[in-house]
Amino acid sequence: MPLSAAPRRTKPTRPRRGQAVPALLFLLPAILGFGVFFAWPVVRGVYLSFTDYNLLSAPSWVGLENYQAIASDPVFWNSMVVTLQYVVINITVQTIAALGLAVLLHRFTRSMVIRGVVMLPYLIANVVVALVWYWLADYNLGLINSVLDAIGLDRVGFFGDANIAMTTIALVNVWRHLGYTTLLIFAGLQAIPKDVYEAASVDGAGEWRTFRSITLPLLRPVLAFVLVVTVVGSFQIFDTIAVTTQGGPVDATNAITYYIYDRAFTRFDFGYASALSVVLMTILAVIALVQMRVLRADQSDLER
């Protein structure tokens, strides 16, 4: 019998020279947007951080004076503590709740209606969410305090008490972003092969053992991505504070982003505000890099 013909080796196709121009034309809007709205503001902000600039006169070079002032600024250090408090509460509650909700959706229902209901709060503007919860938690007229009063409990100043104001803001944002985080984790759960769960079931593994030994390890890259996105986003909390407490009471909710806004657009100290922004950008870059390395976000246990 004749031997079968050997398969021909096809050379990898190289992009034609004529395709480069259309590709650049398609990329041009994104490149321009990146340059105008990101790259140039970053370069300009770094430059202004070494100057004394109040918008009414030309920037004057002061070197590292702004950064030296930041090191001894008690309001800055208070704002970092307040921001870390918000980040810890927001990330802990949101991640645990989103993980549990995503597992429930994955294991018990695939309804698109339920997914839409879970995602609904995220589709509402953050300012609207903040205003609604601000009215609901109002000390005198809010529905929450009216219910507490009706059942014989003391009214609570959710946004007016320095001890719980930041916790209240964190929980409001947990409610708003929970659906988005849940769907990210849910998408990661769908990527886990079903035969892994079937093998665990045959071996007699229960729900908790399956979750601890299979779901969490295989979900690690997605959880790492979620943590990076949510941590970076949490450090940029602004609109909820601006609508509800304006940094009060007694700087209890004066997060770093609101402090930057106050220095720039209330006191018109743009040089100092730019230095604060550069410090925040550096902190976020370091945190994201550490998270990616520690959580090994670029590796998946499915590949082993």
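**Salt bridges and pockets**

Biologist: What is the relative accessible area of R267?
Modeller: This is a predicted model, where local features need pLDDT of at least 70 and side-chain atom pairs pLDDT 80 or more, while totals for chains, interfaces and linings use all residues. Residues are numbered from 1 along each chain as its sequence is written, and side-chain values use heavy atoms, without hydrogens or water. Buried means under 20% relative accessible area, exposed over 50%, partly exposed in between (1.4 Å probe, protein chains only). R267 is partly exposed, at 48%.

Biologist: Which residue forms a salt bridge with R267?
Modeller: A salt bridge here puts a side-chain nitrogen of Lys or Arg within 4 Å of a carboxyl oxygen of Asp or Glu. The closest N and O atoms of this pair are 3.1 Å apart. The partner is buried, with a relative accessible area of 17%; it is D262.

Biologist: And which residue pairs with D269 in a salt bridge?
Modeller: Here the closest N and O atoms lie 2.9 Å apart. The arginine of the pair is buried at 13%, and its name is R263.

Biologist: Which helix gives the most to the lining of the largest pocket?
Modeller: A pocket is an open set of points on a 1 Å grid over the protein atoms alone, where a 1.4 Å probe fits, with protein on both sides within 12 Å along at least five of seven lines; lining residues have an atom within 4 Å of a point. Helices are DSSP runs (H or I, at least four residues), numbered from the N terminus. α1, α12 and α13 each supply at least two lining residues, but the top contributor, with eight, is α13.
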